[in-house]
Every structure is written in C-alpha cells, then in structure tokens.
Amino acid sequence: MKRELGVCYYPEHWPEEIWAEDAARMAETGIAWVRIGEFAWSRMEPEPGAYDFDWLDRVIDTLGAAGLKVVLGTPTATPPRWMLTRHPDMLAVDAQGRARGFGSRRHYDFSHKGYREDCARIVTKLAERYGKTPHVAAWQTDNEYACHDTTLSYSPAALAGFREWLAQKYQSPQALNRAWGNVFWSMDYASFDEVGLPNLTVTEPNPAQVMDFRRFASDEVAAFNRVQTDILRRYTQAPLIHNYMGFETSFDHFAVGADLDVASWDSYPLGFLSARLVADEAHKGHFMRQGDPDLQAFHHDLYRAVGRGRWWVMEQQPGPVNWAPWNPAPLPGMARLWAWEAFAHGAEVVSYFRWRQAPFAQEQMHAGLLRPDSAPAPALAEAAQVAREIAELGEAAGCAPGDAAIVYDYESAWAWETQPQGRDFEYFRLVFAFYRGLRQLGFNIDILPPDAADLSAYKLVLVPGLATLSAPLESALASFKGVALIGPRSNAKTADFTIPVPLPPNLPGLDCTVARVESLPPKAGVPLAGGGSFLHWFEELEGSAEVLVRTDAGHPAVMAAGALRYLAGWPDAAAMLRLLSDAADAAGLAPEPLPEGLRRRDTTGHRVWVNYNLKPVRHDGREVAGCGVLIEPRAGAK
Ligand code: GAL
C-alpha cells in the first residue's frame with residue numbers, strides 16, 4: 001500500500017493560462033492526486049444536450065503531463081439551472097412542505113426519476129469519454145450525499161417511491177397495519193395509496209412509519225449512487241469512491257459503500273469542533289485550533305469499515321473554513337498532524353481541500369493551500385513536509401488490526417432520533433463516548449457493521465445502543481470468547497419498532513432483563529458505587545446474572561454472564577474509563593491511560609503518536625511536541 005497526498009482543484013474557477021503552473025506547483029509540493037469536476041456540470045453541458053468537454057480534456061492532459069493522477073467527480077450534486085426548467089418538480093421538499101430553492105447546491109430529490117435519468121446521461125457521457133483515460137485513475141460519485149440535510153424529502157416523488165417501497169415490503173395493507181400497530185389511534189390503511197409521508201401530522205407520527213420512511217430514504221441514496229456505479233463499471237476499471245461527510249447518519253453508509261471500491265470522508269476538524277461536537281466549553285476552548293483528539297480518528301476507523309479496508313480523506317481542512325459558527329485558524333503543525341493521523345489509521349490518500357482559495361461566491365472565506373493571490377497559505381509547506389516524510393518512511397503496510405471493536409449502526413441512529421425518550425439521547429454521541437474511552441486507554445479500534453458475523457479477531461467488543469441485534473451478530477455474540485459490553489438500550493426494539501417480549505436485552509445465556517427505563521435531564525445523574533455516574537439514561541435491571549457494578553443506591557449497573565456484560569446506563573467520562581478498563585482487564589488487554597490530548601494508532605510497522613495539545617506532552621519516557629507527530633518503529637513488528 002502507498003500513502004499519497006492529494007488536492008481538490010476547480011480549474012473552471014481559474015484562467016486556463018495558470019493551469020500548467022498550478023499543476024507544476026502541485027507536483028513540486030509532492031501531491032499525487034487531484035480531484036476535479038464534481039461541481040462543473042454547467043460547464044460540461046452549458047445547454048441541455050450541448051456538451052463541452054474540450055476544456056476538461058485539456059485540464060486532464062495538463063494535470064497528467066505534470067505526473068498527477070486525476071479523481072474525476074460526477075457533477076450530480078450541482079444540477080445546472082436549465083435542469084429545473086426541464087424538471088420543475090425535482091427539488092426536495094422539507095418537512096414543512098416547502099420546496100428548496102436553486103442558487104447553491106444539492107438541490108435535487110433522490111427519488112425524482114427524471115433527474116436520475118439526467119444523472120445517468122451525464123455520467124454515461126463522462127464515462128464514455130474518460131473511462132479509459134490513463135490519467136483518470138479514480139472516480140468520485142456526486143459529492144457528500146446528505147450534506148445540507150438533503151436525505152429526507154417530503155415531495156410527491158418521495159411519496160410515490162415510499163408507497164411502492166412499502167408495497168414491496170409488506171405485500172398487503174393488513175400486514176403493514178399489523179407491523180406498524182395501526183390499530184392504535186385508528187391509523188389503519190385500506191390500501192398503500194392511502195399511506196402518507198410522516199410529516200405535518202398533528203402530533204408525532206407513528207414511529208414505525210418514520211423508521212420505514214428513514215429506511216426508504218436511505219435506500220434511495222444507495223439506489224441513486226448505484227445508477228452511477230453501474231454505468232461507470234461498464235467503462236472503467238478505476239476505483240469508484242464517494243466522499244462521505246463527518247457526523248452524517250441519515251443514510252446507511254455501509255449500503256452505499258457496498259457498491260464502491262474505496263470509502264472517503266471530508267475531514268474538517270475545526271469546523272466540526274465548532275459546529276457539531278457536543279462538548280463543554282473548556283474542551284472546545286482547549287482544542288479550538290487543533291480539533292477534537294478523537295473525532296477524526298473515529299471517522300477514520302468508521303470509513304475504513306465502510307470501505308472494507310480501503311479508504312481516503314478526500315477533503316482535508318487546510319486553514320479556517322467558512323461554515324462553522326466560529327472559524328479559527330489551525331495551529332502550526334495541525335495540517336501535518338491530521339494527515340499523519342489519517343495515514344496511521346490506514347488512509348491511502350489524504351487530499352487537501354482546496355488548492356487555491358476562491359475570491360468569489362459562497363466559499364470565498366474558506367482557506368486553501370494557496371491564498372487567492374496564489375501566494376502559499378501556511379498549510380502548503382506542511383503538505384510538502386508530509387510528502388517528504390511519506391517518501392522517507394517508505395511503503396506503508398497498513399494499519400494494525402484493532403485490539404477492540406465497536407459495532408456501529410445507522411438504523412440505530414434513526415431509531416433513537418425517532419424515539420429519543422430523552423432529549424439528549426443521540427446515538428452518534430453515545431457511540432463516540434465509548435470510542436473516546438477506548439482511545440484514552442490507548443487501544444487500536446476497529447468499527448464493525450451491525451451484521452458483523454465474526455468477532456473472533458477481538459478480545460473486547462462494544463455494542464452500545466444497538467436498537468435491534470441482527471441475527472448474525474446475535475450468533476457471533478453467543479459464541480464469543482472475549483468480553484462483550486452491550487448496552488445501554490441495546491436490542492431494545494424489534495425490527496418493526498416495537499418493544500420485544502421477552503423484554504430486552506434478551507441475550508443468550510444472560511439472565512438480565514430491563515424492567516424499566518428512565519431518561520435524565522442535564523446535570524442529573526445516577527451515581528455509581530466506586531465513582532462516576534450514568535448520565536442521560538438509566539435502566540433498572542433484574543435477573544439472576546452476576547452484578548459486577550452497582551449504583552450508589554444498590555441497583556445493578558453492570559450484569560454479566562460468560563462473555564456478555566450488560567450496561568444499564570450512559571457512563572460519564574469517569575465511569576466510562578473505569579468500566580472500559582475493567583472490561584479490558586477481564587478480556588486480557590492491557591489498558592494504558594494516555595494523557596489528555598495525546599493519542600496513538602499502530603500500523604503494522606509503526607506506532608504513530610499525535611499530540612493535540614499546544615504544549616509538548618511526556619508519556620512513558622518519550623516526549624511528543626505540541627501539535628506534533630512521533631512515529632516509532634513498533635517493537636516486534638516486521
Ligand atoms: C465540504 C464540501 C466541499 C466544500 C467544503 C468546505 O463539505 O464537500 O465542496 O464545500 O465542505 O469546507
């Protein structure tokens with residue numbers, strides 16, 4: 001495996017006279033890949049059916065002549081204005097019933113058949129023209145599915161698609177009524193044509209209907225992507241990639257990933273910290289110019305799973321972004337640290353977004369590797385440094401297998417959004433809290449899909465908040481030889497979104513039943529004997545399984561039998577470290593608590609330390625510079 005750098009480039013934004021110089025500077029910086037094209041539909045097809053690919057031919061030639069490899073993006077995230085004249089009803093509709101407008105991007109409905117056909121047409125044109133072009137060495141489909149809240153649409157096209165999807169799934173309205181529990185509130189349907197979308201209801205819609213709508217919408221994203229991959233496969237052998245977005249749970253990435261060769265994601269550590277991370281102000285303040293020390297790693301591990309081992313960072317933040325509430329500049333060293341952290345987690349390519357800052361339009365305040373005047377921005381030298389270091393280190397064998405694994409499931413995110421029961425019960429946040437705990441204890445982590453059928457590579461497996469255990473996972477757990485920490489709220493719903501009887505968690509060999517659940521307002525907690533508390537959520541457990549940990553009040557907090565441990569709440573940071581250390585000890589792993597902000601990931605040959613703090617950190621006889629990276633050969637590694 002190689003490690004390479006890339007950059008996102010918009011030749012259509014710049015005069016042709018500077019393309020060759022840009023390409024030469026990219027190559028000089030040590031960049032190997034250039035992603036182009038993903039927003040350029042209006043220049044590829046200025047009028048319906050009138051194509052202009054000459055400029056793109058010249059761009060690809062120019063980049064290729066400089067020794068650069070091209071990732072060609074399909075432009076379907078930005079349909080040109082004429083497309084709306086052709087399909088006035090192609091815009092997605094929000095939950096309030098308002099069509100979204102033209103004038104930015106992602107203004108399309110995944111379910112609109114006419115738009116899908118036009119996408120198939122432009123992708124076919126591109127594939128015919130560039131499918132065998134040697135310089136086009138990878139393809140990206142669309143751009144960031146779901147970004148700007150675009151997965152769900154309450155349009156006539158979505159309604160028609162949803163009804164068809166339901167008819168396929170249930171075959172009869174009676175079966176649908178039974179599955180959804182439509183006897184409740186007289187919601188029975190006599191035909192699929194009576195079923196509506198779950199918006200604009202007087203009070204909350206039936207959660208089973210919402211879940212099916214979420215599944216349908218997720219399937220639509222996968223189907224939309226598959227139209228493109230099916231075409232591209234006919235014309236090219238190059239790997240097909242999509243660039244997913246951080247924090248995005250609205251569609252099943254594993255399902256989309258199944259049609260692609262490589263997963264990639266767009267990593268904006270400072271934007272995410274400011275805009276998306278739920279954390280206290282002290283934490284956000286400490287890491288505001290570095291990013292959260294676990295958030296990038298979480299996504300790296302997730303997308304390695306989505307890509308079945310093959311993954312990239314397609315967009316790497318180089319300087320201040322424009323879209324978060326606050327947009328600080330990264331500290332010197334971070335544009336290098338982020339890249340090395342990605343490589344440590346097995347990234348094949350880290351591609352900075354973007355080459356040159358655009359002085360016009362929406363993202364004019366977004367940094368690039370170059371300033372708008374073409375002078376170097378600070379990240380350019382850091383990218384060049386990474387390129388030199390990659391060359392010095394030589395071929396990479398990939399990241400080491402995880403010590404521990406966490407199961408991650410998109411449907412569970414929808415389940416707990418549909419029925420949170422407590423305002424802050426958010427699936428991503430729950431899983432991320434467990435992930436952070438494992439990282440703080442120094443472990444290498446793998447993320448597993450919800451239908452993981454083989455856990456035998458791991459000593460420790462975590463299954464937090466998994467709404468419905470899949471049959472393969474259930475049988476893998478039944479024969480698991482390590483320690484599995486399951487819960488809270490795991491196996492708490494059937495596939496039809498009802499409470500299962502026997503009551504949850506109903507795990508093989510573990511006599512432990514959730515008798516009652518409660519959600520807790522902020523700052524309220526259930527203290528645990530021995531320190532730490534449960535926050536947000538607590539379950540009263542009964543049964544004869546061994547009680548490993550109790551609450552202060554004497555209720556079971558963790559119950560266990562054999563390999564399985566069930567956890568009755570959402571541990572705070574202190575409880576998390578204690579419970580995970582105990583589980584790791586029992587699993588025969590050696591937890592090594594790391595100082596704040598210092599993290600590590602093993603590759604097959606090296607141990608890569610990253611220090612997210614401004615100041616140097618000493619740990620176990622070594623010092624890692626502030627915002628620094630330390631790459632050590634791994635003892636005993638080949
Ligand atoms: C990403 C997107 C890019 C650009 C970037 C700005 O979400 O894919 O096109 O908008 O954000 O940070």
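Pro-488 sits in the loop between β12 (483-486) and β13 (513-519), and a cis peptide bond with omega of about 0° joins Gly-487 to Pro-488. Helices (H or I, at least four residues) and strands (E, at least two) are DSSP runs, numbered from the N terminus. You are looking at a predicted model, where local features need pLDDT of at least 70, side-chain atom pairs count only at pLDDT 80 or more, and totals for chains, interfaces and linings use all residues. Residues are numbered from 1 along each chain as its sequence is written, and side-chain values use heavy atoms, with hydrogens and water left out.

**Backbone features to look for**

- Most residues other than glycine have a negative phi, and most peptide bonds are trans.
- The loop between β12 and β13 also holds Pro-502, and Val-501 is joined to Pro-502 by a cis peptide bond with omega of about 0°.
- Arg-106 is not a glycine, yet has a positive phi of about 60°.
- You can find Arg-106 in the loop between α4 (81-86) and α5 (113-130).
- Arg-106 is buried, with a relative accessible area of 3%; buried means under 20% relative accessible area, exposed over 50%, and partly exposed in between (1.4 Å probe, protein chains only).
- Ser-186 also has a positive phi, near 55°, and lies in the loop between α7 (173-180) and α8.
- Ser-186 is exposed, with a relative accessible area of 68%.

**The ligand and its surroundings**

- The residues around the ligand are Phe-39, Arg-105, Asn-143, Glu-144, Asp-266, Tyr-268, Glu-315, Trp-323, Phe-353, Glu-363 and His-366; a residue is near a molecule if one of its heavy atoms lies within 4 Å of it.
- By class, this shell has four nonpolar, two polar and five charged residues. Here Ala, Val, Leu, Ile, Met, Phe, Trp, Tyr, Cys and Pro count as nonpolar, Asp, Glu, Lys and Arg as charged, and the others, Gly among them, as polar.
- A polar side-chain atom of Arg-105 is 2.8 Å from a ligand oxygen atom, and an N or O atom in the side chain of Glu-315 is 2.9 Å from an oxygen atom of the ligand.
- Trp-323 places a polar side-chain atom 2.7 Å from an oxygen atom of the ligand.
- Taken alone, the ligand exposes 310 Å², and the protein buries 95% of that; accessible areas come from the Shrake-Rupley method with a 1.4 Å probe, and for residues only the protein chains shown count as cover.

- Seven of the nine residues of helix α15 (residues 410-418) are buried, so α15 is largely enclosed by the rest of the structure.
- The buried residues of α15 pack against α8 (207-235), α9 (253-257), α12 (295-306) and α16 (427-440); contact means heavy atoms within 4.5 Å.
- At the start of α15, a side-chain oxygen of Asp-409 comes within 3.3 Å of the backbone nitrogen of Glu-411.
- Glu-389 belongs to helix α14 (residues 378-393) and is buried, with a relative accessible area of 16%.
- Leaving aside neighbours within four places in sequence, Glu-389 is in contact with Arg-336 and Trp-340.

**Domains**

- The domain assignment of the chain gives domain 1 (4-149 + 224-393), domain 2 (156-209), domain 3 (404-587) and domain 4 (598-633); the bounds come from an automatic or database domain assignment.
- The centres of domain 3 and domain 4, taken over C-alpha atoms, are 31 Å apart.
- Domain 3 gives seven residues to the contact, and domain 4 gives four residues.

Notes. Polar contact = N/O pair within 3.5 Å; in protein donor to acceptor, adjacent residues only side chain to side chain.
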